Amino acid sequence: MAEGDAGSDQRQNEEIEAMAAIYGEEWCVIDDCAKIFCIRISDDIDDPKWTLCLQVMLPNEYPGTAPPIYQLNAPWLKGQERADLSNSLEEIYIQNIGESILYLWVEKIRDVLIQKSQMTEPGPDVKKKTEEEDVECEDDLILACQPESSLKALDFDISETRTVSSTFLEVEVEELPPIDHGIPITDRRSTFQAHLAPVVCPKQVKMVLSKLYENKKIASATHNIYAYRIYCEDKQTFLQDCEDDGETAAGGRLLHLMEILNVKNVMVVVSRWYGGILLGPDRFKHINNCARNILVEKNYTNSPEESSKSLGKNKKVRKDKKKNEH
């Protein structure tokens with residue numbers, strides 16, 4: 001029983017970290033100990049017309065045998081419209097019992113808001129009240145999320161790898177894929193930077209690692225955490241694996257983020273240079289944020305509609321048994 005509880009707790013923590021990395025300031029921690037969170041969802045981030053706050057509490061049994069306890073907060077959400085949305089969320093849970101579903105819930109709500117904004121009806125009559133509530137929510141988010149300082153990208157001397165082929169999958173798989181580097185994040189003298197490469201076979205994973213380790217700066221990093229996902233068309237399965245490189249559980253958390261974002265045929269390496277000050281759980285937040293930023297920048301993330309449809313389905317995953325050594 002204790003093992004089951006520990007497993008659920010780990011899965012919850014991984015999902016929470018992934019959600020925070022995906023949604024940034026839209027995600028708000030209300031009570032970390034009680035596992036109560038709130039996410040503000042809108043039809044358009046830049047010019048929101050319809051906004052809703054989803055508050056969730058994660059029971060100990062979630063995601064194994066119990067759903068999240070949730071509350072939908074929006075002045076305009078009433079009657080049949082509220083009932084229909086609640087039924088949609090509960091249907092998603094039933095279709096995905098035992099799976100992490102917060103991402104699916106958020107994107108389902110966003111789909112509903114987008115559909116609503118595309119209708120001819122005007123915005124809510126209580127728009128002023130909604131905006132005031134949003135301001136209060138933003139204040140909470142500012143308190144909950146400390147700003148991160150970023151540095152200019154490190155000057156890596158691997159310009160020869162920056163030639164990207166638009167038809168990469170047709171290139172011989174023995175070829176070294178192009179490697180891109182994200183903008184570093186620093187916090188209390190520790191620096192985190194993500195590196196990304198398209199991969200279609202485990203051999204390319206080794207090639208990317210070898211190329212990165214040719215750079216003295218990357219080779220000197222305290223940790224080089226990585227994860228990759230390769231989609232096998234013939235078997236319709238994912239070949240995926242991860243490596244902590246001494247940062248316990250970091251690789252698994254990174255892979256979980258990539259699963260939630262439903263990326264494929266890509267590898268992400270996050271280098272961390274330790275600055276002498278312990279960061280605690282914040283280090284996982286920075287690792288995931290680095291990874292998410294470069295995946296979004298390089299257009300590896302699906303649209304919300306595609307992710308919502310594919311994430312809840314049963315996926316065959318084949319673990320790469322042979323770990324890559326470096």
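Student: Is Lys 116 buried or exposed?

Tutor: This is a predicted model, in which local features need pLDDT of at least 70 and side-chain atom pairs count only at pLDDT 80 or more, while totals for chains, interfaces and linings use all residues. Residues are numbered from 1 along each chain as its sequence is written, and side-chain values use heavy atoms, with hydrogens and water left out. Buried means under 20% relative accessible area, exposed over 50%, and partly exposed in between (1.4 Å probe, protein chains only). Because its relative accessibility is 6%, Lys 116 counts as buried.

Student: Which residue forms a salt bridge with Lys 116?

Tutor: Side chains of opposite charge can pair when their charged atoms come close. A salt bridge is counted when a side-chain nitrogen of Lys or Arg lies within 4 Å of a carboxyl oxygen of Asp or Glu. For Lys 116, the closest N and O atoms of the pair are 2.6 Å apart, and the partner is Glu 81.

Student: How many residues apart are Glu 81 and Lys 116?

Tutor: Helices here are DSSP runs (H or I, at least four residues), as are strands (E, at least two), and both are numbered from the N terminus. Glu 81 sits in helix α2 (residues 79–95) and Lys 116 in helix α3, so that this pair links distant parts of the chain, 35 residues apart.

Student: Why are Glu 107 and Arg 110 separated by about one helical turn?

Tutor: The side chains of Glu 107 and Arg 110 meet in a salt bridge, at 3.3 Å from N to O, and both residues are buried. Their separation is about one helical turn because they are three residues apart in helix α3.

Student: Which residues line the largest cavity?

Tutor: On a 1 Å grid over the protein atoms alone, a cavity is a set of points where a 1.4 Å probe fits but cannot get out, and lining residues have an atom within 4 Å of a point. The structure holds one cavity of 30 Å³ or more, and the volume, which is the space filled by probe spheres set on points joined across faces, edges and corners, is about 30 Å³ for the largest cavity. Its lining is made of Met 19, Trp 27, Ile 39, Leu 54, Val 56, Leu 102 and Val 106.

Student: Which elements give two or more residues to the lining of the largest cavity?

Tutor: Elements are the helices and strands described earlier. Those that give two or more residues to this lining are β3 (51–57) and α3 (102–118).

Methods:
1 Å grid on protein atoms, 1.4 Å probe; cavity = no way out; pocket = protein on both sides within 12 Å on 5 of 7 lines; lining within 4 Å.
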